[in-house]
Amino acid sequence: MRARRDLWGAVLCAIGAVGSYAAGVLTEPGQWVDVHLFGWAQRLHVGLVGDALPSLARRVLPAVMAIVALGCGFRSLVQGRKRLVVQCLGLVVGSTSLCWLLREHVLGRPYYGDQYSYLHNTFPSTHVALVVSLCATVWLLARPASRSLSRALVLVVVLALLGNVVGHAHRPSDVLGSLLVVAACALLVRRRDSPPSSGSGRLT
């Protein structure tokens, strides 16, 4: 049952990623909304906290989460969970590479005027994909994750999303798209690691 929910969740996340690109990048009204959300987010760029957010999101968090994920991976290897470690490695490399490939070689950004700023495509964000996939890796390897760990990982994801927007690196649609792409990949990994249903393997 959970495997089926994970599959449907992955499909919905993939549809959401496509929708965020189609609505937020391909259409002029979508770019208008994106610009205004982007402008609203810059209000968070206040004082030392605002100055620190971009560096935190694009430099500190990737390094810190990579170290944490390596630690969780080593522990899982000791516990004999080699298959899951390999799948999580594929999650990080695969989802981040997919976002880079989509941004650089597949997707484009139509030009609707200088008021919408960027002339080149920035969807989706690889920095966000890296941090979110590392958080997903820690969550998968640490299962069952404690409530405090889950909250900490959510906080890291939120900081990564905000920092990339406040730092003028990406639009809101870019970071949302990355989040959904990685979520789809993570759900597929969890589905493959799901225990067989109670009815499987019965003799008939």
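Ser 173 touches Ser 20, Gly 24, Val 25, Asp 34 and Phe 123, residues up to four places away in sequence not being counted; contact here denotes heavy atoms within 4.5 Å. The structure is a predicted model, in which local features need pLDDT of at least 70 and side-chain atom pairs count only at pLDDT 80 or more, whereas totals for chains, interfaces and linings use all residues. Residues are numbered from 1 along each chain as its sequence is written, and side-chain values use heavy atoms, with hydrogens and water left out. Ser 173 is placed in helix 7, helices being DSSP runs (H or I, at least four residues) numbered from the N terminus. With a relative accessible area of 6%, Ser 173 is buried; buried means under 20% relative accessible area, exposed over 50%, and partly exposed in between (1.4 Å probe, protein chains only).

Gln 31, in helix 2 (residues 28-41), also counts as buried, at 1% relative accessibility. Its side chain reaches the backbone oxygen of Val 25 at 2.8 Å. Such a polar contact is a pair of N or O atoms within 3.5 Å; within protein, one must be able to donate a hydrogen and the other to accept it, and residues adjacent in sequence count only if both atoms are side-chain atoms. When neighbours within four places in sequence are left aside, Gln 31 is in contact with Ala 23, Gly 24, Val 25, Arg 109, Pro 110, Tyr 112 and Tyr 116.

Pro 124 is found in the loop between helix 4 and helix 5. Helix 5 (residues 126-141) comprises 16 residues and reaches 22 Å from its first C-alpha to its last, close to the 22 Å expected at 1.5 Å a residue; the expected span is 1.5 Å times one less than the number of residues. Because 13 of its 16 residues are buried, helix 5 is largely enclosed by the rest of the structure.

Two pockets were examined. On a 1 Å grid over the protein atoms alone, a pocket is an open set of points where a 1.4 Å probe fits, with protein on both sides within 12 Å along at least five of seven lines, and lining residues have an atom within 4 Å of a point. Grid points are joined across faces, edges and corners, and a volume is the space filled by probe spheres set on the points. The largest pocket holds about 310 Å³ of space. Of its 13 lining residues, Val 132, Cys 135, Ala 136, Trp 139 and Val 157 are the closest to its centre. Two or more lining residues come from each of helix 5, helix 6 (147-166) and helix 7 (172-192), and helix 7 gives the most, with five. The lining comprises twelve nonpolar residues, one polar and no charged, where Ala, Val, Leu, Ile, Met, Phe, Trp, Tyr, Cys and Pro count as nonpolar, Asp, Glu, Lys and Arg as charged, and the others, Gly among them, as polar.

The second largest pocket has a volume of about 250 Å³. It is lined by 13 residues, with Ala 69, Leu 70, Val 85, Leu 89 and Thr 137 nearest its centre. Helix 3 (47-78), helix 4 (82-106) and helix 5 each supply at least two lining residues, the greatest contribution being the six residues of helix 3. By class, this lining has eleven nonpolar, two polar and no charged residues.

His 168 lies in the loop between helix 6 and helix 7 and has a positive phi of about 65° although it is not a glycine. At 47% relative accessibility, His 168 counts as partly exposed. Beyond its neighbours within four places in sequence, His 168 is in contact with Phe 38, Gln 42 and Tyr 118, and a polar contact of 3.5 Å joins its side chain to that of Gln 42. In helix 1 (residues 2-24), Gly 16 is likewise partly exposed, with a relative accessible area of 25%. Gly 16 and Leu 176 are 160 residues apart in sequence and 9.0 Å apart in space, C-alpha to C-alpha.
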